[in-house]
Amino acid sequence: MTKKTTYVSPIGTAVFPHLITPDTKFDAEGKFKTGIALSEEDMAKAVDYFETKYASQIKAIKNFELPIGEDKDGRKYLKASSKYRPLLIGPDKQPINLEKAKIWGGSTIRISANEFEYASGKNKGVSLQLNKVLVLKESGSDSSDFDDMDYSDYSQPTDEFEESDVQSTSKLDI
C-alpha cells in the first residue's frame, strides 16, 4: 500500500483559481482547481522536489507528467485540483464565507494537497489533489484589510496545516 504524501506549498499567487465553483469547461462534472505561482526561488525548489522524488518514473516513463504548468511567457506554476471543494481558510484561520469570497487570479494563497500517481492509458504522472487552501489575501477585495498583516507564521513549509490552525465552526458549507 502506498503511503499518502501531502505537499504543502510556500505562499504564492493564485493562477486561474476555481475554488468556489468548479470549472466545467473540460469536465461536465466540474473540478475545483488552482494554479499557484511561486517566487523564482520557491518554484525552483518545488520543481527540484518533484523531479528528485519522481526521478525513476521520469527516467522510465516517456512524458511522465509533473503537477507543473507553464504560462504563455514560460513562467512555471504548480497545478492542483479536486472533484470536491477544498477547505478554504482565511487569514484569521476561520473557514471562508463562500457567499462573500473573491478568490480570483492574483489572490495570495498557500495550498495543501495529496500527491497522487496516476496511469490512464498513455497518460502517466503525478497530480496534486487539493485538500485545503489558506487564502491570505483575496484579489478583488479591499486589500487594505490585510496590508499590515504579518505573514511570517505562514511562510515556513510544514507537513500539513495543523488542525489547530482552523478554529471549529458548527457547520461548513462544503
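S107 is a buried residue in this predicted model. Its relative accessible area comes out at 0%, and buried here means under 20%, so S107 counts as buried.

**Where S107 sits**

- You'll find S107 in a loop, the one that runs between β6 (87-89) and β7 (108-120).

**What S107 touches**

- The side chain of S107 reaches two backbone atoms: the oxygen of W104 at 2.9 Å and the nitrogen of S139 at 2.8 Å.
- S139 also shows up among the residues that S107 touches, once you leave out those up to four places away in sequence.
- Besides S139, that list has G12, T13 and A14, then K102, and finally K137 and E138.

**The largest pocket**

- How much space lies in the largest pocket? It's about 800 Å³.
- The lining is made up of 29 residues, and K31, K79, A80, S81 and S127 are the ones closest to the pocket's centre.
- Sorted by class, the lining of the largest pocket has 13 nonpolar residues, nine polar ones and seven charged ones.

**Which strands build the lining**

- Five elements each supply at least two residues of the lining: β2 (12-23), β3 (31-37), β5 (76-82), β7 and β8 (123-137).
- Which of them gives the largest share of the lining? That's β8, with six residues.

Technical notes:
Residues are numbered from 1 along each chain as its sequence is written. This is a predicted model: local features need pLDDT of at least 70, side-chain atom pairs count only at pLDDT 80 or more; totals for chains, interfaces and linings use all residues. Side-chain values use heavy atoms; hydrogens and water are left out. Helices (H or I, at least four residues) and strands (E, at least two) are DSSP runs, numbered from the N terminus. Buried means under 20% relative accessible area, exposed over 50%, partly exposed in between (1.4 Å probe, protein chains only). A polar contact is a pair of N or O atoms within 3.5 Å; within protein, one must be able to donate a hydrogen and the other to accept it, and residues adjacent in sequence count only if both atoms are side-chain atoms. Contact means heavy atoms within 4.5 Å. On a 1 Å grid over the protein atoms alone, a cavity is a set of points where a 1.4 Å probe fits but cannot get out, and a pocket is an open set with protein on both sides within 12 Å along at least five of seven lines; lining residues have an atom within 4 Å of a point. Grid points are joined across faces, edges and corners, and a volume is the space filled by probe spheres set on the points. Ala, Val, Leu, Ile, Met, Phe, Trp, Tyr, Cys and Pro count as nonpolar, Asp, Glu, Lys and Arg as charged, and the others, Gly among them, as polar.
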